[in-house]
Amino acid sequence: MPLPVLQNNKIGPISQIKNVIAVAAGKGGVGKSTVAVNLALCLSELGYKVGLLDADLYGPSIRKMLPEVKLPVQQNERLEPALSFGIKVISMAFFRKEGQPAAVRAPIANKILTQFIRTVAWGELDYLIIDFPPGTGDIQLTLAQNAQITAAVMVTTPQEVALMDVRKAAALFQQVGVPIVGVIENMSWYAPGVQTVKTYPFGKGGGARFAEENGIPLLGEIPIDEAVSYRADRGFSIFVEEIAEQLPAAAAFRQATQNLLAALPKLSERPPSKKVEKMYLADPATCCIEWNNGRKHTLKFSQIQKYCPCAQCTEKTPSITNDVGVHKVESIGKYALHFDFTQGCSHGIYEFEMLYQLGEGKKE
Ligand code: ADP
């Protein structure tokens, strides 16, 4: 089925969706899609209305794990999602032949994902799970900014190499002001057959370490279980009555889902990230910034421009004049400002956190 190219990307706001949960890892192969699918199945099992957006355009595997009972249908400008196990599903896999390479350039990928978010007729949903594409580039950043994400769940395996990537992915969400609700450690342990002794093929404690580093809960530790991969490959759920009770992985996913549901309302108790409430000129070379926590800073534009984060300026110290002013200031997403300076470099995007630290006198 070809993906129709729609002219108007703005129709269909996602206001009927109560929670948009990104499931991200930064790295492929850690079981991100497996976690996304099983969280969706558990939420659905609990009676919630659930949707799943497979945003992993380069390796969409969701369709295999959740075979559709109903294909997506184009209805004028709207795309009705597919249906599988009662979950509404949309994936690039519906729009190209099996085995066809996923050669999609970033701007096209961004367009497809925007289309998926804005024009799919999700209807009323309690939870839309987004299986995030691995990596931390433009596609991931644009998606994190545009998908009105309530919170992100990070997925990692216990070893340090996976943690390195998950830290980068977490930084991307923090940059755009998306809170991280918790971490799920996948492939935590293994106890084959009837054995009760656990072994730890990928080491121990990575998820807990990441949780502690970030002050977030460890939502679950999912064991390696042949049934998980065997059933995923065949499009079977692990939450089938006769088998779920005997599967440690099914119990671990159910527990992780309960922990996620408990952690989501607590997000509002966390201190909000820094946000510029108001900004105005004190004089042509100086601005005042009022922050959402009530703090107020007076900063010279020359002070700000000194920290231009663009590639050229970070490589060699830019020359700055004291009387630099601005033509225009724009806000970038929920996390940064762009200054169109009267002289010198105007390429940089200045993150709120950096400007706040500068105002507090905490930057050299
Ligand atoms: P990712 O989305 O991170 O690339 P996948 O979810 O596609 O990773 O998982 C990669 C492979 O590992 C798949 O074959 C999947 O079935 C398998 N897998 C993932 N988690 C588990 C687990 N807990 N136990 C057994 N196999 C797993």
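Residues are numbered from 1 along each chain as its sequence is written, and side-chain values use heavy atoms, without hydrogens and water. Because the model is predicted, local features need pLDDT of at least 70 and side-chain atom pairs count only at pLDDT 80 or more, while totals for chains, interfaces and linings use all residues.

**Exercise 1.** Describe how helix 3 and helix 4 pack.

Step 1. Helices are DSSP runs of H or I with at least four residues, strands are E runs of at least two, and both are numbered from the N terminus.

Step 2. Axes are lines fitted to C-alpha atoms, for helices over the stretch in contact, and angles run from 0 to 180 degrees between N-to-C directions.

Step 3. Contact means heavy atoms within 4.5 Å. On the helix 3 side the contact residues are Ala106, Ala109, Asn110, Leu113, Thr114, Ile117 and Arg118; they meet Asp138, Ile139, Thr142, Leu143 and Asn146 of helix 4. By class, the residues of this contact are 6 nonpolar, 4 polar and 2 charged (nonpolar: Ala, Val, Leu, Ile, Met, Phe, Trp, Tyr, Cys and Pro; charged: Asp, Glu, Lys and Arg; polar: the others, Gly among them).

**Exercise 2.** Which residues of helix 4 are buried, and what do they pack against?

Step 1. Buried means under 20% relative accessible area, exposed over 50%, and partly exposed in between, with a 1.4 Å probe and protein chains only. In helix 4 the buried residues are Ile139, Gln140, Thr142, Leu143 and Ala144.

Step 2. These buried residues pack against helix 3, strand 7 (125-131) and helix 5 (160-175).

Step 3. For helix 5, the axes come within 9 Å of those of helix 4 and cross at roughly 40°. The two helices are therefore oblique to each other. Gln140, Leu141 and Ala144 in helix 4 meet Leu172, Phe173 and Gln175 in helix 5. This contact has 4 nonpolar, 2 polar and no charged residues.

Step 4. After helix 4 comes Gln148, with a positive phi near 50°.

**Exercise 3.** Which residues touch the most other members of the largest nonpolar core?

Step 1. A nonpolar core is a set of buried Ala, Val, Leu, Ile, Met, Phe, Trp, Tyr and Cys residues joined through side-chain atoms within 4.5 Å. The largest has 92 residues, and the answer is Phe116, Ile129, Ile130, Phe132, Met154 and Phe173.

Step 2. Beyond four places in sequence, Phe173 contacts Ala22, Ala24, Phe132, Ala144, Ile149, Ala152, Met154, Val178 and Ile180.

Step 3. Another core, of 22 residues, lies apart and includes Val276, Phe341, Met354 and Leu355.

**Exercise 4.** Is Leu83 buried, exposed or partly exposed?

Step 1. Leu83 belongs to strand 5 (residues 82-84). Its relative accessibility is 28%, so Leu83 is partly exposed.

Step 2. Not counting residues up to four places away in sequence, Leu83 touches Pro67, Glu68, Val69, Lys70 and Lys88.

**Exercise 5.** Is Ala232 buried or exposed?

Step 1. Ala232 sits in helix 7 (residues 226-234). With a relative accessible area of 14%, Ala232 is buried.

Methods
Angles under 35 degrees count as roughly parallel, over 145 as roughly antiparallel, 65 to 115 as roughly perpendicular and the rest as oblique.
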